[in-house]
Amino acid sequence: MKCTCSKDDLNGALSAVIKAVAVKPSTPVLAGIYLQAAGDSLELQATNFAISVVARVPANVEVEGATVVTGRVLAAVVQKFSGDIVTLTNEKDAATLELRSEAASFELLSMDAEDFPRINRETSLHSFRINKGALIRLINRTVFACAKDEGRPVFAGCFIDISGTAITFVATNTSRIAIARDVLSDSLDSLQFIVHAATLRNLLGMLYRAADAVVTVGFSGSEVTFSFDDIFLTSRIIDGAFPPYDKVIPSTCSTTADLDLRDLRAAVDRMQIIAREAEYQTLRFTFTQDGLELSSNSYTLGSSVEHLDSNVSGDDIELSLNFNFLIDALKAFDTEKVSFGMNQPLTPVKISPLGADDFTYIITPLRTQ
């Protein structure tokens, strides 16, 4: 194998596929990146079996061929090169891959390409297209709410629910739930599956750098795929039944309050100095006809209180919310105002953009003394 390609193109491809390189490989080849030079491109592949990524870059191919080299080393070497062009050479039957750029050259130990697992790229049973910006927004509004504990796998990913042209992303750790909605240009029959949060976070980094405006998503029953630019990502879905998320959303609220998002973010940011050291990291919300009073108390640091103007309708109510769960949600909103909907001090609180229904965040208040 011998080919030359742009360092920037190669760096971009490596930043995508490196996310699928196994951290604790069961066999050395899974710590590697598969390189294949053929036609007018260089293809890179990596897999840890849970997630697989394929990326292709334009290349001037003199000799076709394939090899595997340790992924983290390959990525580090290419990133450090000072030249604009990288030459990759793997002589027939050689156990090394030579990388050269300007005056610098490296010889990395290589592995047999035949030992690298084949990545399944079969035609999906179902597929649809979604705008890149919409997909980024859906992921950002939900993935943070996924459970970090793998003990209950269905809560470690985002539930994707499609019906006609409506697409909904849902994530929960049982103490909070984030629900984001958008509209597809394609129409599908009912389709549901769960994608692991780690897959979506890796996908998010690739999407920010993507040139394509549209992403093609495929579903084959056990795997989901995402295709855009010259990148193909496939991931196993999470088996299991996701709970009926719509039943968690309060149908009515006895108290509602509209708040300026910028003011609320700024106040919460100030309150975190005390709230992070408070019992259960809580913020106290007191809604009255005079507005909202935020307060927090720490036995080791002291206390803080701040008043915010708010249009409150209904009964006065006082409740405590986990600071971290709240700040995560506030980062996901992109409107000027948000609306709080409440019923009782210990029943779920509904937070949504004022006048919109494309994002709903439900958080369970805490019982505190």
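**Salt bridges, a helix and a sheet**

Biologist: How many salt bridges does a search of the whole structure find?
Modeller: This is a predicted model, where local features need pLDDT of at least 70 and side-chain atom pairs count only at pLDDT 80 or more, while totals for chains, interfaces and linings use all residues. Residues are numbered from 1 along each chain as its sequence is written, and side-chain values use heavy atoms, with hydrogens and water left out. With a salt bridge taken as a side-chain nitrogen of Lys or Arg within 4 Å of a carboxyl oxygen of Asp or Glu, the search of the whole structure gives 9.

Biologist: Nice! Which residue forms a salt bridge with Arg 129, and is that partner buried or exposed?
Modeller: The partner is Asp 186, with the closest N and O atoms 3.2 Å apart. Arg 129 lies in strand 10 and Asp 186 in strand 12, so the pair ties together parts 57 residues apart in sequence (helices, H or I of at least four residues, and strands, E of at least two, are DSSP runs numbered from the N terminus). Buried means under 20% relative accessible area, exposed over 50% and partly exposed in between, with a 1.4 Å probe and protein chains only. Because its relative accessibility is 18%, Asp 186 counts as buried.

Biologist: How many residues apart are Asp 358 and Arg 141?
Modeller: These two form a salt bridge, their closest N and O atoms being 3.2 Å apart. Asp 358 sits in the loop between strand 23 and strand 24, and Arg 141 in the loop between helix 3 and strand 11, which puts the two at a separation of 217 residues.

Biologist: And which element holds Glu 306, the partner of Arg 270?
Modeller: The side chains of Arg 270 and Glu 306 meet at 2.6 Å, N to O. Arg 270 is in helix 5, 36 residues away from Glu 306, which belongs to strand 19.

Biologist: Let's look at Phe 219. What is its relative accessible area?
Modeller: Phe 219 has its place in strand 13. Leaving aside neighbours within four places in sequence, Phe 219 is in contact (heavy atoms within 4.5 Å) with residues including Leu 125, Leu 191, Phe 193 and Ile 237. Phe 219 is counted as buried because its relative accessible area is 10%.

Biologist: At the start of helix 3, which residue's backbone nitrogen does a side-chain oxygen of Asn 131 reach?
Modeller: Helix 3 has several buried residues, among them Leu 135, Ile 136 and Ile 139. The buried residues pack against elements including strand 11, strand 12 and helix 4. At the start of this helix, the Asn 131 oxygen comes to within 2.8 Å of the backbone nitrogen of Gly 133.

Biologist: Which strands stand at the edges of the open sheet?
Modeller: The sheet has 7 strands in the order 11-12-24-23-22-16-20, with antiparallel pairing (two strands pair if DSSP finds at least two bridges between them). Each edge strand has a single partner, so one side is left without a neighbour; these are strand 11 and strand 20.

Biologist: Last one: what angle does helix 4 make with strand 12?
Modeller: Strand 12 pairs with strand 11 in the antiparallel sense over 14 bridges. Axes are lines fitted to C-alpha atoms, for helices over the stretch in contact, and angles run from 0 to 180 degrees between N-to-C directions. Helix 4 lies across both strands, and its angle to strand 12 is about 70°.

Notes
A polar contact is a pair of N or O atoms within 3.5 Å; within protein, one must be able to donate a hydrogen and the other to accept it, and residues adjacent in sequence count only if both atoms are side-chain atoms.
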